[in-house]
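Visitor: I am new to this structure and would like to be guided through it step by step. Could we look at it together?

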2 protein chains.
Amino acid sequence: MASATATIALDWGTTNARAWRLDGAGAALERRNGGRGISSVPEGGFPAALTELCGDWLAAAPQAPLVLVGMVGSRNGWVEAPYAPLPCGAADLAARLLRFGTHGRTALVVPGISGEAPSGGFDVMRGEETLALGSGVRDGLVCLPGSHSKWIAMRGGRITAFASFMTGEVFAALSRHTILGRLAEQPADPAGAGLGHAAARRPGGLLHKAFAARTGVLAGSMAGAQVEPFLSALLVAEEIAGARELFGEVGEVALVAEGALAEAYCAALAAAGIAVASLAPEACFVAGVANVLAARESDA
Amino acid sequence: MASATATIALDWGTTNARAWRLDGAGAALERRNGGRGISSVPEGGFPAALTELCGDWLAAAPQAPLVLVGMVGSRNGWVEAPYAPLPCGAADLAARLLRFGTHGRTALVVPGISGEAPSGGFDVMRGEETLALGSGVRDGLVCLPGSHSKWIAMRGGRITAFASFMTGEVFAALSRHTILGRLAEQPADPAGAGLGHAAARRPGGLLHKAFAARTGVLAGSMAGAQVEPFLSALLVAEEIAGARELFGEVGEVALVAEGALAEAYCAALAAAGIAVASLAPEACFVAGVANVLAARESDA
């Protein structure tokens, strides 16, 4: 029966939970988005939150394993799965799956990865490792934009290095809580992005270049509607420049993003002279889960 | 009579107003701090705000000129004084003083300066020009830390170039409105600053390096009490690195700051191998006002 649920997989992050019903070939049969990120789940509330999101799927497929990916496996999540070390491929994650019983079956928590970033600093991720291992990139760089963007280097199909950038969170803080936010007008004018890419090429560092929005509005060379796209583009360009410092000259990157975020990164990567292969996050997640499960089964 | 008020001068910024009573030699007789920055003054409310701050001084010295410095001369201030262009010395400001009548005398508004920053971007300041011209630096760099820090290049006693950095405002936004703020514990442990200076020397850019506080706390290599000093030191170091990109190799800088801000910048400048001459903001302001007034009188 092609439509029977073989696996129920969740990408359960800090602010959102997404659940997929997968068939025996690892293809997505159905997806649900829930607002119950781990930060909104009270202590002891994870079983109920899971039931709320996909209790009907669980009841209808009592044999299907439950795969949990992302911050749900962190210290503030449901059950803490210790980080896997670098280098790390699907088989390494499969060997470190954390198992616990819930809803009459075994839940499998995919661990995150920790290690030394190319900068020499310690770095961590939870969730992005599964998407990177489902990206199909064997050798190259994968970029996953977000609150804490990840750049992930793949070699021979394993993750060998990665680094985090606080781009999304810094954008939110600066666009809401500085003079730049007070100057910004809606609806946004996307032409501001080009001004941001141009500013990024100038010297002086981010703290200086961001001020160009304030002076630009004052001088009449930037419209209020251009401020937010300017700031977004400037920050994304800074992230790309930082990634180049860490990973060397980047010729092409696999970008795992959709919608406005994908557009913003495509434009910034193009402005930086980097070729982009765009990948859908959902496809990467589903393939990543399938790859980890397949690696587990081949071990068994 | 040595203690007679010869001038009443205000450094009237966005969030604070500071007033000085100066004698005929330009020495400070008395200072007052008021919380009535221009952002808290309603439309048409400047005469009353001035009376509130120093109406008694004005009444007692009906002949004393009133000198207004800072954002009070901006579009959102009392009377807008158009920016002076670069290069700009005390005589240039004196020639562009904006005069208007209030409280039975002539008020003199010192204009700010606008011009092309060494990055090629447009930049502005209001208030810092007066302190720089009172710093005693004829040839060299002056650094005035703050919400929007200014680095000012002096040549032959005139301001020839400058650049702004959003350091203080970005620190406030990131320390209050990101995960770094949620991790920070008080009272702060100043040892965190050393970790920030070390992180600043690594590659990867600010958006990557700031995340080291989050991973450091997670890994146990950084205490919560060290997060805020870490972030502050990292941002100041980024400002210094940006200033070096703009002004070339910096051997020594005149730092106009006091208290904790002066300490933070002294430590960051030392960590960057830059010699510091520390100057008190009050002395620079008072001397700057005296220099502008003297230039006016020598013109007359």
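Predicted model: local features only at pLDDT ≥ 70, side-chain atom pairs only at ≥ 80, totals over all residues.

Visitor: How many bridges join strand β1 to strand β4 in chain A, and which residue does A:A9 stand opposite?

Guide: Strand β1 (residues 7–12) and strand β4 (residues 66–69) of chain A run parallel, and four bridges join them. Within β4(A), the residue that A:A9 stands opposite is A:V67.

Visitor: Which residues are linked with A:E30 and A:R32 in a network of salt bridges?

Guide: Side chains of opposite charge can pair when their charged atoms come close. A:R32 forms a salt bridge with A:E30, with 3.9 Å between the closest N and O atoms. A:R32 is partly exposed at 22% relative accessible area, and A:E30 is partly exposed at 30%. The network that links these two also includes A:R21 and A:D56.

Visitor: Is A:E169 buried or exposed, given that its side chain meets that of B:R182 in a salt bridge?

Guide: The two side chains meet with 3.4 Å from N to O, and the pair crosses between chains, from helix α5 (residues 179–183) of chain B to helix α4 (residues 167–177) of chain A. B:R182 has 62% relative accessibility and counts as exposed. Buried means under 20%, and because A:E169 has 12% relative accessibility, A:E169 counts as buried.

Visitor: How many residues apart in sequence are the parts that the pair of B:E52 and B:R36 ties together?

Guide: B:E52 and B:R36 form a salt bridge whose closest N and O atoms are 2.9 Å apart. B:E52, at 55% relative accessibility, counts as exposed, whereas B:R36, at 26%, is partly exposed. Because B:E52 lies in helix α1 of chain B and B:R36 in the loop between β3 and α1 of chain B, the pair ties together parts whose separation in sequence is 16 residues.

Visitor: How many salt bridges does a search of the whole structure find?

Guide: The search runs over all chains of the structure. The number of salt bridges found in this way is 22.

Definitions and conventions
Residues numbered from 1 in each chain as written. Chains lettered and ligands numbered in written order. Heavy atoms only, no water. Pairing = 2+ DSSP bridges. Helix = DSSP H or I, 4+ residues; strand = E, 2+ residues; numbered from the N terminus. Salt bridge = Lys/Arg side-chain N within 4 Å of Asp/Glu carboxyl O. Buried < 20%, exposed > 50% of the residue type's maximum accessible area, 1.4 Å probe, protein only.
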